[in-house]
Amino acid sequence: MAALWPDNPRLIGEGVPRLDGLAKASGRAKYPSDERPDGLLFAAVLHSPHAHAKIVKIDTSKAEAIPGVKGVHLIANEGATLRYHGEEIAAVAAESEEIARDGCRAIAIEFEVLPHAVTEAQALADGAPRLTPRGNTQAGRAQEDGDPDAALKEAAASIEGEYSVPVITHVCLETHGQVVRWDGDAKMTVWSSTQNVDGVESEMAGAFNVPATDVTVLTPVMGGGFGSKFGADTWGVAAGELAKKTGRPVWLFLDRVQEHLTAGNRPSASAKLTLAADKDGKLSALIAETAGTGGISRGAAFPLPYVYEVPNSRRQHTDIRVNGGNARAMRAPGHPQGCLIMESALDDLAEKMGIDPLQMRLASLAEQDTVPSGSGEPLNRSEIYREQIKLGTEAIGWNQRKSRAENAKAEGPIKRGFGMALHQWGGGGRDDKQVTCIINPDGSVELRSATQDIGTGCRTVLAQIAAEVLGLKTTDINSNIGNSQFPPGQASGGSTTTPSMAPPAYNAALEARDLLFKRIAGALDAEPGDLSIGEGVILVKGEREVPWKDACRKLGTMPINVTGSFSEGLTAQGVGGCQFVDLTVDTETGVVKLNKIVAVQDTGLILNMMTWKSQVYGGVIMGLNYGLFEELVMDPSTGLSLNPDMELYKLAGASDIPEIDIIPFDNEQMRKRGVIGVGEPPTIATAAAIGNAVANALGTRVPHFPMTPMNVLNALAKA
Amino acid sequence: MPPEDHKAPAELPRPGHSRRDFLRGSSLAAAGAVMATSAETAMHEARADVSETDGVAIYSGTCPIELKVNGEAMSVTIEPRSTLLDTLRNRLGVTGPKRVCDRASCGACTVILDGDAVYSCTTLAISCADHEVRTLESFETDEGSVPHAFHQNDALMCGYCTPGFVTACQAWLEKNPGQEPTLDDIKQGLDGNICRCGTYIGVFQAALDAAKAMKKGGA
Ligand code: FES
Ligand code: FES
């Protein structure tokens with residue numbers, strides 16, 4: 001049987017500062033957007049100024065005539081229909097970025113402006129323009145479980161509610177883009193800001209009809225993706241075309257406006273629903289009509305019911321198309337939406353029944369919710385939730401929570417409220433990825449894989465694993481990732497990167513160690529079986545210590561180079577978490593102020609406590625942005641986005657950050673489960689918990705997210 | 001790009017606007033007049049093409065200027081409209097400061113200009129001729145330094161906002177030597193920066209640690 005994770009690790013689980021942290025903090029790390037190969041041209045993209053328009057005529061001659069403009073590439077041609085504000089039309093490469101922008105401005109286009117529908121209401125209205133031949137809506141298959149109508153009749157209580165959350169965008173700080181250099185006619189180097197170096201390699205190879213072996217995609221570090229950076233995209237291909245045409249490397253990154261409008265979004269979600277429970281507060285029926293828009297594409301599906309067991313349910317979901325950019329996966333696709341709708345409704349039902357919403361949650365967990373364990377027994381996730389809830393309620397001080405009615409009666413304009421929510425996620429690994437481990441005769445050790453570090457600390461945890469096996473320090477390992485020529489690496493999506501890459505890294509290091517023993521045993525007058533690893537040394541028969549470097553020197557001139565793959569027992573999937581919020585709302589201004597957030601999270605074996613915590617903090621903060629601030633605002637009359645920027649598209653700054661208490665749900669049983677990804681789960685429940693705390697504070701539900709002053713005051717006016 | 005591509009001209013009397021002044025809301029109208037004069041001098045010195053229409057000077061073409069970056073004199077040819085950020089990143093290869101919002105709202109492009117933290121994305125390079133520009137590449141990195149504190153506290157994830165936070169922090173500490181800031185001071189000092197990965201908690205601790213180390217070092 002393949003090896004399992006060590007029982008008493010020296011490094012695994014420790015908080016080790018990330019290997020590239022100082023390079024990033026001193027401005028020395030080179031991001032794809034920082035690459036400046038010799039002879040570089042800068043490119044800019046021209047995008048649609050209309051929500052819906054046809055290109056009647058396009059003339060690039062004026063642009064081409066500008067001194068310094070070296071190439072123009074059309075992404076959309078004459079006759080093409082542009083379907084949203086921000087859709088790409090052309091790219092211009094020039095000696096400077098300023099000139100490239102001049103070039104974009106000089107492209108003359110005659111548009112036939114078409115009627116648009118940029119909001120769900122516009123797309124559904126009578127006489128709305130048809131955005132696809134099949135119309136503007138696409139209904140999913142109705143999903144039905146049990147007999148919801150009968151269950152509703154028998155229920156002790158029910159509520160009818162409407163909840164919604166708008167479209168938001170990823171706002172990657174490094175915008176989408178790449179630098180492309182042709183090395184001769186048929187080879188290409190691409191410095192790409194991507195979360196999928198292998199995917200970009202095959203896309204670029206396909207687009208230019210060159211063998212994938214001749215395309216090298218490099219992503220040593222990258223400035224955020226959150227699910228939006230899996231592909232080469234039209235602009236990647238445009239950069240390749242421009243580089244080919246001009247014979248010079250081309251830098252092309254979107255500007256901030258384009259990043260908001262064309263580089264992906266998290267679809268909106270809305271629900272009209274009836275939720276019912278029996279007299280003990282156990283959910284019994286859910287009947288829901290849901291909808292959402294991911295812009296011109298589909299992709300607005302989300303899970304419902306969510307987390308809780310609802311034995312009788314009927315749900316009909318409709319995707320609505322509007323003149324907006326395409327949806328892309330965004331950190332836990334669908335889950336934040338499903339979570340905030342489910343948790344809001346549950347909370348409102350508990351309120352109506354006069355039950356503590358915590359009790360309703362506990363009563364409504366499935367009796368058995370089995371999740372796997374890598375090397376232990378399968379677990380009941382409902383039990384995990386119960387223990388987590390205990391930790392969370394203590395940390396937030398849930399016993400201070402008052403009912404909505406009591407809070408509403410409290411004196412003065414400032415009201416305090418508490419809320420909570422549960423979430424779940426998969427986070428398992430794939431079994432087809434590889435890592436190479438090289439031990440050189442000078443004692444240096446290198447790991448190689450085509451995976452990338454999207455900011456999670458993946459580079460560091462792989463090194464930590466190898467260092468654990470070889471008795472070295474994490475900093476002794478050159479963790480070389482982000483190169484598509486290396487063994488196949490996992491794309492950073494679905495919280496699968498670390499669980500996909502940790503097993504092959506572990507196995508590669510173990511095999512390298514065993515081969516090292518075999519190759520140097522003779523020179524140490526021993527049998528391979530006599531050798532073992534100590535800290536920085538090779539032990540002969542458990543006694544004689546040979547310093548690591550001296551031992552490696554015995555390799556002569558031939559390094560060790562082995563490639564490890566996946567094996568069973570090292571990973572699992574299926575995590576749970578819960579979050580709690582304590583906040584105050586000013587009922588005169590509608591401003592919500594967070595006091596404290598508690599996040600309890602399970603993700604199996606935690607490899608690096610420091611980077612793990614950073615991910616959970618980051619998830620919570622992204623979640624609080626979703627709960628309080630974010631919305632891409634579309635103007636119904638012009639069809640344009642009103643806030644494709646970073647001041648009116650609001651994100652939390654330092655002063656918006658409350659006390660955040662992260663509680664790792666970490667015990668022997670969890671560690672036995674093996675590695676599970678944590679990127680996504682901790683961002684799911686935050687907005688839902690905030691919404692519930694606001695409702696608790698105000699004594700009334702604010703049904704539309706985010707909890708902005710406008711939405712809060714509107715709800716108060718209606719109450 | 002084109003419809004929204006309005007670069008804000010530098011409207012303040014000194015090169016670059018101090019982030020704090022900016023937040024307080026400076027009197028733009030009065031400042032604009034002063035700028036016209038100092039920009040004019042800089043332009044003439046830099047020998048850009050200058051023509052006059054109805055008494056208004058119009059600058060065009062390219063002009064060579066001298067910038068002092070991280071203690072080094074650098075010659076560079078720019079356009080009058082080139083921002084300090086784009087000049088550093090695209091023409092001088094100084095890529096530590098990042099371009100994120102390009103309009104003074106995120107702080108990723110922060111540099112230290114004559115001792116003040118400024119947004120280099122909304123500072124014209126031409127106005128910085130003969131002024132002292134420092135970017136984070138020039139900061140100390142060993143124990144006690146700001147970058148070191150960021151690293152040790154894992155105050156970064158993707159790291160793209162990090163140069164701005166590190167620089168804002170460094171500028172704050174230099175302006176307030178020997179002080180031990182409170183958490184609220186730190187939050188206020190860093191309110192001109194945005195992190196999408198959500199590294200604020202680590203950033204606060206890094207700033208507190210760096211301040212403590214600096215106080216010790218200075219005492
Ligand atoms: S890039 Fe200058 S403030 Fe955002
Ligand atoms: S670390 Fe990624 S944006 Fe701050």
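1. Chain B has 7 helices and 7 strands. Helices (H or I, at least four residues) and strands (E, at least two) are DSSP runs, numbered from the N terminus. Starting at the N terminus, the order of elements in chain B is α-α-β-β-β-β-α-β-β-β-α-α-α-α.

2. The model is predicted: local features need pLDDT of at least 70, side-chain atom pairs count only at pLDDT 80 or more, and totals for chains, interfaces and linings use all residues. Residues are numbered from 1 along each chain as its sequence is written, chains are lettered from A and ligands numbered from 1 in the order in which they are written, and side-chain values use heavy atoms, with hydrogens and water left out.

3. Chain B has 219 residues, of which 56% count as buried. Buried means under 20% relative accessible area, exposed over 50%, and partly exposed in between (1.4 Å probe, protein chains only). The accessible surface of chain B is about 8700 Å², and carbon and sulfur atoms hold 51% of that surface. Such areas come from the Shrake-Rupley method with a 1.4 Å probe; for residues, only the protein chains shown count as cover.

4. How many residues of chain A are in contact with chain B? There are 70, and they meet 54 residues of chain B, where contact means heavy atoms within 4.5 Å. The size of an interface is often given as the accessible area lost when the parts come together. Here the buried area is about 5100 Å², with 53% from carbon and sulfur atoms; buried area is the accessible area (1.4 Å probe) that two parts lose on being put together, summed over both.

5. Between chain A and chain B the count is 9 salt bridges. A salt bridge is a side-chain nitrogen of Lys or Arg within 4 Å of a carboxyl oxygen of Asp or Glu. In one of them, B:Arg81 pairs with A:Asp102, with the closest N and O atoms 2.5 Å apart. The elements of chain A that each supply at least two residues of the side touching chain B include helix H3 (97–106) and helix H16 (609–628). H16(A) gives the most, with 9 residues.

6. Another salt bridge joins B:Arg103 to A:Glu647, the closest N and O atoms being 2.8 Å apart. B:Arg103 is in the loop between helix H3 (84–91) and strand S5 (110–113) of chain B, while A:Glu647 is in the loop between H16 and strand S31 (659–664) of chain A. B:Arg103 counts as partly exposed because its relative accessibility is 39%, and A:Glu647 counts as partly exposed at 33%.

7. Within chain A, A:Arg404 forms a salt bridge with A:Asp348, at 2.7 Å between the closest N and O atoms. The pair links helix H12 (residues 404–409) to helix H9 (residues 335–353), and the two residues are 56 residues apart. Both A:Arg404 and A:Asp348 are buried.

8. A:Ala291 is in strand S17 (residues 283–293) of chain A. A:Ala291 counts as buried because its relative accessibility is 15%. Leaving out residues up to four places away in sequence, A:Ala291 touches several residues, among them A:Ser268, A:Phe302 and A:Ile320.
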